[in-house]
Amino acid sequence: MLRTTLALVGALSFSCCINGWISRPHWRPTESRPAVEMSQWELRQRFLLDLMLQVHKPLLQQELIDMGRELNENPADYEEGSWPLLLDFMDDVHRGRVLRPSSIYSQLQENLPQQLLGVYRFLVLAKDWSTFQRNACYARIRFNPVLFVNALQLAIGERADAKDLMLPAMHEVLPQLYFDREVILEAQRVYWQQLAPVPTISNKRSWIKSLGSIVYPKMLRPPAVEVELMPADPMVIEVTPLRTPLSLDVELNGYWSRLLSRLMIADDDRNPDKSTDHLLLLHNIRQLAALLQLEELATSKKSEQLIEPTLLTTGGVPYGARDLNAEDVRQLISESIEELHERIDKELTGASKMQTVWTVSRVIATQYWEICRHLSQAINGNHVQPNLLGMATSNLRDPIYRLLILQLAELISQYRLSKTSSHRMKQLQLRHIRVGDLETYDQLMDTDLINLMDQQLLQTQRNNLQLLRRRLVARQFRLNHTPFNITYEVFAPAPIVVLISSYLLPPGPIKNQPRLLIDSFVSHLATGKNQLERHFPTSPNGYTLSDLYEAKHPLNAVNACSFPNHLRLPRGTAEGLKLKLLVEICPWHSGELKSSECEWSAGVGDWTAHNVASALLDVVVQHRNVNPF
């Protein structure tokens with residue numbers, strides 16, 4: 001009998017080995033792969049990603065906690081000669097004047113620009129990567145998450161040792177600031193088990209397996225061989241409304257937030273380009289106003305109703321609602337704009353054309369925060385409560401703020417000089433313009449919500465995001481356009497460097513119409529005929545947090561000075577939105593600005609140079625709806 005039993009056990013063991021019972025589970029790829037040494041780039045990139053993981057909650061990774069345990073007050077660890085710039089910040093830290101993690105963030109607090117500048121300098125002035133890591137960990141632990149993220153975003157763009165690194169999209173880092181509370185709460189209710197792969201065992205068992213379950217002790221019993229992997233399709237939370245209006249575009253809101261953070265620190269003593277930052281604000285106000293007005297033209301809807309905010313703060317506090325007469329708001333904004341008008345006029349006495357653009361941009365940039373604070377106090381009072389005006393990521397949701405932008409754009413247009421053709425290059429001719437089909441459509445876009453998962457589970461074994469087979473995403477539409485070309489045929493009597501700018505305008509007289517800049521480039525024209533073809537591809541979706549975790553080499557980053565490319569064209573209509581395309585050519589002098597690659601450089605030429613050629617033609621923008629199901 002004993003001999004028979006041993007034979008059965010031996011046969012069973014052989015069968016188990018063949019069927020893979022003693023092999024490692026197929027659903028845990030990280031356990032079956034040999035360890036691969038990470039490159040220096042991967043280590044630096046992974047550090048940033050680990051730092052941003054669950055940034056709205058306390059840091060749990062012990063290695064990072066140890067790095068940021070103490071405030072680095074050694075002057076030798078910072079760029080030479082920069083220590084005096086950090087003294088006020090160090091004093092504020094010791095006195096507890098820097099916004100703490102649990103504090104309510106508002107960009108309208110009078111001391112916030114100084115705090116953002118201090119944290120930014122603390123990060124950007126660190127002399128090497130090791131010092132930067134220590135400072136970044138300290139800031140991550142001790143300061144408000146929104147303040148930290150905004151400062152880190154600016155510092156990474158300036159540090160030479162971080163030029164090849166990429167931060168996740170801000171709407172994935174802090175989705176609470178971009179999505180309605182229903183999306184956030186639904187995501188937080190998702191269990192880890194719903195995303196992690198779970199092996200399933202078949203109910204059908206052979207007599208050999210049944211006998212094995214009796215003979216073998218439970219602790220030695222091998223896993224089942226019939227393993228079915230969880231499908232790789234993401235778990236989707238649909239955003240309502242699915243078709244996103246301009247004011248709810250998460251990429252636009254993230255871009256606007258970075259723009260205003262940059263404006264906050266524009267007065268940094270180390271910043272030689274503060275005038276450039278002022279011009280950037282000027283250009284973006286005009287772009288945003290044009291997009292808003294063209295969207296109203298396409299949808300026949302004006303969003304001026306005061307709405308109850310549907311957002312949560314990073315700490316879960318709801319945004320404050322308000323009840324204010326719309327006419328009172330318009331009057332308040334009109335008074336602020338009139339005061340701004342008078343201030344600009346006072347400083348423009350005897351100014352040249354070049355001084356005009358710099359003066360207008362400087363006055364608007366330096367008075368911007370004061371105007372917003374004045375509006376907020378009149379509407380929300382002096383209570384420290386989250387509101388749409390107090391957070392750059394929610395500004396565009398606010399009809400009051402949008403009305404302010406429209407009136408600022410109208411004020412700016414009043415100082416734009418009427419441009420006449422230059423006699424010096426009278427023979428330069430814009431002979432022909434060919435425009436491809438202009439078509440917009442609604443494109444499905446997924447936002448990775450992994451930062452809303454429970455942090456204790458995410459950081460088991462330091463960071464186990466790689467074990468997630470499914471992604472948790474917020475799904476919505478974003479506006480995009482199909483590829484199109486614009487071909488310019490220009491005749492030049494002599495070699496010349498020119499700036500060519502193309503704008504979309506509503507039908508009607510050109511004067512004081514909103515202008516949406518869709519193309520701007522510098523070209524070296526040769527004598528005779530020049531054919532210049534510009535191609536505008538469909539804007540790709542950005543890299544998600546999961547994409548960045550899986551990256552093995554640097555990824556191509558989007559130009560930080562450019563308006564989001566998927567909004568190059570305004571929303572069209574099914575029957576075709578009729579617009580005008582205005583093309584202007586003016587001389588370009590390399591000394592005017594440091595870079596002609598940023599689209600806002602056209603704004604300077606728009607004010608300071610005479611046209612040598614221009615043309616106006618009719619275009620139509622179609623819109624195609626996409627069925628998501």
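I started with Thr-573, which is found in the loop between helix 18 (545–550) and strand 9 (577–587). The model I am reading is a predicted one.

**Entry 1: Thr-573**

Is Thr-573 buried or exposed? I looked up its relative accessibility and found 10%. Buried means under 20%, so Thr-573 counts as buried. Next I listed its contacts, leaving aside neighbours within four places in sequence. Thr-573 is in contact with Ala-298, Val-621, Gln-622 and His-623.

**Entry 2: His-94**

I moved on to His-94, whose place is in helix 5 (residues 83–94). Its relative accessibility is 53%. The cut-off for exposed is over 50%, so His-94 counts as exposed. Which residues does His-94 touch, not counting those up to four places away in sequence? I found Leu-71 and Glu-73. I checked Leu-71 by distance. His-94 and Leu-71 are 23 residues apart in sequence, and their C-alpha atoms are 9.5 Å apart in space. Then I checked Glu-73. A polar contact of 2.8 Å joins its side chain to that of His-94.

**Entry 3: helix 8**

I took helix 8 (residues 145–158) as a length check. It has 14 residues, and at 1.5 Å a residue they should span 20 Å. I found its end C-alpha atoms 20 Å apart, which agrees.

How many of the 14 residues of helix 8 are buried? I noted 12, so the helix is mostly covered. Among the buried residues are Pro-145, Phe-148, Asn-150, Gln-153 and Ile-156. What do the buried residues of helix 8 pack against? I wrote down helix 3 (40–52), helix 6 (112–124), helix 7 (129–142), helix 9 (170–173) and helix 12 (250–264).

I also looked at the N-terminal end of helix 8, which Asn-144 caps. A side-chain oxygen of Asn-144 lies 2.9 Å from the backbone nitrogen of Val-146.

**Entry 4: the largest nonpolar core**

Last, I turned to the largest nonpolar core, which has 162 residues. Which of them touch the most other members? I found Phe-132 and Tyr-401. Helix 13 (residues 274–299) gives the most to this core, with 12 residues.

I followed up Tyr-401 and again left aside neighbours within four places in sequence. Tyr-401 is in contact with Trp-256, Leu-260, Tyr-368, Cys-372, Leu-389, Asn-395 and Leu-396.

Definitions and conventions: Residues are numbered from 1 along each chain as its sequence is written. This is a predicted model: local features need pLDDT of at least 70, side-chain atom pairs count only at pLDDT 80 or more; totals for chains, interfaces and linings use all residues. Side-chain values use heavy atoms; hydrogens and water are left out. A nonpolar core is a set of buried Ala, Val, Leu, Ile, Met, Phe, Trp, Tyr and Cys residues joined through side-chain atoms within 4.5 Å. Buried means under 20% relative accessible area, exposed over 50%, partly exposed in between (1.4 Å probe, protein chains only). Helices (H or I, at least four residues) and strands (E, at least two) are DSSP runs, numbered from the N terminus. Contact means heavy atoms within 4.5 Å. A polar contact is a pair of N or O atoms within 3.5 Å; within protein, one must be able to donate a hydrogen and the other to accept it, and residues adjacent in sequence count only if both atoms are side-chain atoms. The expected span of a helix is 1.5 Å times one less than its number of residues.
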